[in-house]
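Good morning, and thank you for joining.

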Amino acid sequence: MGIGGKFPLAGVKHIIAVASGKGGVGKSATAVNLALALSARNPAHQVGLLDADVYGPSIPTMMNLSGQPEVTKQNLMKPLTNYGIKCMSMGFLVEEKAAIVWRGLMVMSAIQKMLRQVLWGPLDYLVIDMPPGTGDTQLTISQNVPVDGAVVVSTPQDLALLDARRGVEMFKQVGIPVLGIVENMSVFQCPKCHEQTHIFGHESIQNMCQELNLDILASIPLDIRIREASDKGEPILITDPEASLSKAYMQLAEEVVRRIPEKQQRTAKAGP
Ligand code: ADP
């Protein structure tokens, strides 16, 4: 039995959910780079990436993967691998747009298959790229597998933060510790004059974190290289591991790893 009576995934040590209140704030880009940074910080570690956004899978493009998974004799799907990361996505399983009309039950069944009927193990970390918001997928995952912690990605403007708060509240209600916040698109540096502008503000996210007693795990600038990397399927951590952007993602991975045992210890201490 795993944490809270949920069943662990065979051979998977830690599960980390990357979530956001709103779409388009950079959750998938963060999930991809977090997975790569977890792998880079310790090459002996095996890392997987589950694209749980059934309606709008981005991982095939961002990880430059296509095709269908092989199925083993035990009827398990083999994840597709690129840059050393084992990936699974609805984008590998159905035609583009086919899942758009799916109802909740079909989505939940697809998520369960992508969790249980995939040859994930052995993995040190499985990063789950959640769909935006607080719907069926989030509940299915939190009720089925022991998620060690969630990272909530938000841009720093008030409108996105309102939804990020809802995300944090949902994880609280389902008993998943929130490891912290990623402030994405935090600052824009003009490539010509190098002036830095907080396009989406900065104070509100700091205030929210203080109020919710959460830390900002990393601040990722608004940078065209991230968008280009996502579109080309060539993540910056692979093409330019020494760039300051890559270092920001490495810091995120460090913070995430540091907080997993802390939180587990706290849970263990709180028990009877
Ligand atoms: P979400 O998963 O929240 O819907 P994505 O990760 O798909 O968002 O990001 C939306 C778009 O913004 C993508 O084109 C992505 O490459 C881009 N993007 C994400 N983060 C950044 C950033 N820090 N700087 C520039 N572009 C970014």
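I begin with the conventions and then turn to the chain as a whole. This is a predicted model, in which local features need pLDDT of at least 70, side-chain atom pairs count only at pLDDT 80 or more, and totals for chains, interfaces and linings use all residues. Residues are numbered from 1 along each chain as its sequence is written, and side-chain values use heavy atoms, with hydrogens and water left out.

The protein contains nine helices and nine strands, taken as DSSP runs (H or I, at least four residues, for helices; E, at least two, for strands) and numbered from the N terminus. Its radius of gyration is 18 Å, close to the 19 Å of the globule rule for 272 residues, so the protein is as compact as a globular protein of that length. That radius is taken over C-alpha atoms, and the rule is 2.2 Å times the number of residues to the power 0.38. Of the 272 residues, 49% are buried, meaning under 20% relative accessible area with a 1.4 Å probe and protein chains only, whereas exposed means over 50%.

Now to helix α6, residues 203–212. Which of its residues are buried? They are I205, M208 and C209. These residues cover an arc of only 95° around the axis, which puts them on the same side of α6; the arc is that of the directions from the helix axis to the C-beta atoms. On the other side, E203, Q210 and E211 are exposed. After α6 comes N213, with a positive phi near 60°.
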